[in-house]
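Please keep the sequence and the 3D view open while reading.

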Amino acid sequence: WEFNGSFHQPAAFLMMGIPGLEALHPWISIPFCALYLTALLGNCVILFIIRRTPSLHEPMYYFLSMLAVTDLGLALCTLPTTLGLFWFNVRRIAFDACLIQMYFIHILSFIESSVLLAMAFDRFVAISHPLRHPAILTRTTVLKIGLAIVLRGMVSLLPIPFLLKRLSYCGRTELSHSFCFHPDIMNLACADIKVNVFYGMIVLLSTVGMDFIFIVLSYILIIRTVVSLTTKEECLKALNTCVSHICAVLVFFIPMIGLSMIHRFGKDVPPLVNTLVAYTYLIIPPALNPVIYSIKSTHIREALLRALCRKR
């Protein structure tokens, strides 16, 4: 413990694995390794294919590249502590290192939410205003959107580590997961955390909450446009371009909303449920997104097959 008057700050936190299954951690690490490997290889392949295929140099695939980079970052943020705990039972993480990991996990989560919103806007423009789509979403516009997304995440979350650092901690130092999460750290403090709770809720609602609302609104407008199309084939073709994105939205937002609700209102929820939802939120989307887009996107699939054939 570091002591300064009445201010107590732990030198480190202790991370937890899967409660009740600690003896099985080496075996449990096998599916986690498979998910991490899928996330790393899958997203790298997506980036490689888009970069090497000139026909994919358009807004939809630029946003997909942003999503792949974000998923790579999320996987790399949690991989060292998760596999370190499962393989070597390394539970200790320094206080400042924990805050840094937490900051990047939340930034990347907010960036992923914003990228999904940008992809929804791209689908709306492509379906509702196909002739104006190239003029609206130019390369410069896409770059500006990407920079705005990153800056919004960084600035909105910048106060969080400092708000946690000002708190006094005493008693428990055990985190609920094998990574650092803002509500988890905050609940270990023995000081007044009303400011942290209020600011965290405001940031969550003004970023991820607004992103989700605008994504839903975009699809309402897309459905209105699709319904007005003359033939059934045109309707199905238009909707088929959105299937991958809808799956990515559901895979990301459902566990994220569930985890936020558990941390704020689910005091009686079993620890195992909390842990499984957390892992689903941070590990499943980076692993599934490249698989979803490789299966559902004809252009990605064809470019991947061409690359494999050239290598052979």
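## Helix α5 against α8

Helix α5 passes α8 in a left-handed crossing, where left-handed means that the near helix is turned anticlockwise from the far one by less than a right angle, and right-handed that it is turned clockwise. The model is a predicted one, in which local features need pLDDT of at least 70 and side-chain atom pairs count only at pLDDT 80 or more, while totals for chains, interfaces and linings use all residues. Residues are numbered from 1 along each chain as its sequence is written, and side-chain values use heavy atoms, with hydrogens and water left out. Helices are DSSP runs (H or I, at least four residues) numbered from the N terminus.

The axes of α5 and α8 (residues 194–227) lie 10 Å apart and pack at an angle of about 165°; such axes are lines fitted to C-alpha atoms over the stretch in contact, with angles running from 0 to 180 degrees between N-to-C directions. The pair is therefore roughly antiparallel, given that angles over 145 degrees count as roughly antiparallel, those under 35 as roughly parallel, 65 to 115 as roughly perpendicular and the rest as oblique. On the α5 side, Arg-152, Val-155, Ser-156 and Leu-157 make the contact, and they meet Tyr-199, Val-203, Ser-206, Thr-207 and Asp-211 in α8, where contact means heavy atoms within 4.5 Å. These residues divide into 4 nonpolar, 3 polar and 2 charged, with Ala, Val, Leu, Ile, Met, Phe, Trp, Tyr, Cys and Pro counted as nonpolar, Asp, Glu, Lys and Arg as charged, and the others, Gly among them, as polar.

## Helix α5 against α2

Helix α5 (residues 139–157) also packs with α2 (residues 59–88), their axes coming within 10 Å and crossing at roughly 25°, so that α2 is roughly parallel to α5. This crossing is right-handed. Pro-59, Tyr-62, Phe-63 and Met-66 in α2 meet Arg-139, Val-142, Ile-145 and Gly-146 in α5, and by class the contact has 6 nonpolar, 1 polar and 1 charged residues.

## Helix α1 against α11

For α1 (residues 25–52) and α11 (residues 271–296), the axes come within 8 Å and cross at roughly 45°, which means that α1 is oblique to α11. The crossing of these two helices is left-handed. Among the residues in contact are Phe-32, Leu-35 and Tyr-36 in α1, and Tyr-279, Ile-283 and Ile-284 in α11; the contact comprises 12 nonpolar, 4 polar and no charged residues.

The whole structure holds 3 cavities of 30 Å³ or more. A cavity here is a set of points, on a 1 Å grid over the protein atoms alone, where a 1.4 Å probe fits but cannot get out, and its lining residues have an atom within 4 Å of a point; grid points are joined across faces, edges and corners, and a volume is the space filled by probe spheres set on the points. The largest cavity has a volume of about 170 Å³ and is lined by 14 residues, of which His-106, Phe-110, His-182, Leu-204 and Arg-264 lie nearest its centre. Two or more lining residues come from each of α3 (95–128), α7 (182–186), α8 and α10 (243–265).

The second largest cavity has a volume of about 60 Å³, and its lining includes Pro-59 and Phe-63, both of which also take part in the contact of α2 with α5. The helices α2, α3 and α10 each supply at least two residues of this lining, which divides into 5 nonpolar, 3 polar and 2 charged residues.

Notes: On a 1 Å grid over the protein atoms alone, a cavity is a set of points where a 1.4 Å probe fits but cannot get out, and a pocket is an open set with protein on both sides within 12 Å along at least five of seven lines; lining residues have an atom within 4 Å of a point.
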